[in-house]
Amino acid sequence: MKNVFNDFYQGYDDWYQTTVGQFVAEQEAQTLDALLQPQSEQKILEIGCGTGHFTLEMVQKGCRITGIDQAPKMLQQAQTKLSAYSKQVQLQIMDAQKLAYADNQFDSVFSMATLEFITDPQVAYHQMYRVVKPGGTIVLGTIQKGSAWADFYESPACRGTAYEYAHFLTLKQIQNWDPQHFASAQQCLFLPPNLSESEYNITNEKNAQKNNSIGGFVCLKFRKSAAN
């Protein structure tokens with residue numbers, strides 16, 4: 001697994017301050033919440049926490065988060081961002097394919113825009129399944145292969161960025177990792193990239209969804225068997 005974001009950490013959060021970045025982040029967060037349904041005091045593992053963008057949202061809901069990433073410089077930024085929640089958050093450098101946790105440790109596990117950068121994401125999924133408690137939930141959020149967003153990130157326009165190292169997957173490919181425990185999926189970002197800022201709004205998003213079956217971002221929910 002290449003430590004991509006240790007090279008591309010600078011300015012990572014700046015995009016979230018733009019109009020487009022805020023819209024994208026809101027859509028992704030709503031999709032994650034709909035499937036994960038985080039509850040106060042839940043013990044949750046985040047795979048690929050980066051600078052702590054989604055981590056912060058979870059701790060603000062009262063969750064207790066363990067966040068892992070392989071990029072020390074990203075984790076340093078996350079540590080600063082989450083300093084007010086130090087009792088709720090534990091951040092560690094770790095490979096998602098080799099989780100150093102015992103079985104059945106977490107109420108839920110989630111990963112957002114990380115699978116794309118893991119050498120063998122299916123191995124990482126099985127590690128997530130191992131460490132989540134029986135009856136627990138795993139939510140995988142990823143840029144969807146075949147969407148306008150994936151096409152853009154695969155284009156020459158994104159050479160020299162972290163996305164040059166990304167490998168995108170379809171909803172069906174991920175679902176097929178574990179069809180027995182697949183529960184549901186939800187998509188978002190039906191609007192394509194490179195529109196004018198004023199075009200990124202919920203009305204246009206809903207209209208785009210009517211004409212497009214592939215969202216730029218998809219979250220898949222898996223549930224571990226209650227008796228495992």
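A charge is taken to sit over a ring if NZ of Lys or CZ of Arg is within 6 Å of the ring centre and within 35 degrees of the ring normal. In this predicted model, Lys-43 lies over the face of Phe-106, at 5.3 Å from the ring centre. A further arrangement of this kind involves Tyr-129, over whose ring the charged end of Lys-224 sits, 5.2 Å from the centre.

Across the whole structure, twelve aromatic pairs were found. One of them joins Phe-23 and Tyr-200 in a tilted geometry, with 5.8 Å from centre to centre and 50° between the planes. This pair connects distant parts of the chain, 177 residues apart: Phe-23 belongs to helix H1 (residues 19-36), whereas Tyr-200 lies in the loop between strand E6 (182-188) and helix H7 (202-210). Phe-23 is buried, its relative accessible area being 9%; Tyr-200 is likewise buried, at 7%.

The largest nonpolar core comprises 39 residues, and Leu-32, Phe-110 and Trp-149 have the most contacts inside it. Elements that each contribute at least two residues to this core include H1, strand E4 (106-112), strand E5 (132-143) and helix H5 (148-153). The largest share, seven residues, is supplied by H1. Apart from this core lies another, of 26 residues, among them Ile-68, Val-109, Val-131 and Ile-138.

When neighbours within four places in sequence are left aside, Phe-110 is in contact with Leu-32, Leu-36, Ile-44, Leu-45, Glu-46, Ile-47, Phe-54, Met-58 and Val-139.

Technical notes. Residues are numbered from 1 along each chain as its sequence is written. This is a predicted model: local features need pLDDT of at least 70, side-chain atom pairs count only at pLDDT 80 or more; totals for chains, interfaces and linings use all residues. Side-chain values use heavy atoms; hydrogens and water are left out. Rings of Phe, Tyr and Trp (its six-membered ring) pair if their centres lie within 6.5 Å; planes under 30 degrees apart count as stacked, over 60 as edge-to-face and the rest as tilted. Helices (H or I, at least four residues) and strands (E, at least two) are DSSP runs, numbered from the N terminus. Buried means under 20% relative accessible area, exposed over 50%, partly exposed in between (1.4 Å probe, protein chains only). A nonpolar core is a set of buried Ala, Val, Leu, Ile, Met, Phe, Trp, Tyr and Cys residues joined through side-chain atoms within 4.5 Å. Contact means heavy atoms within 4.5 Å.
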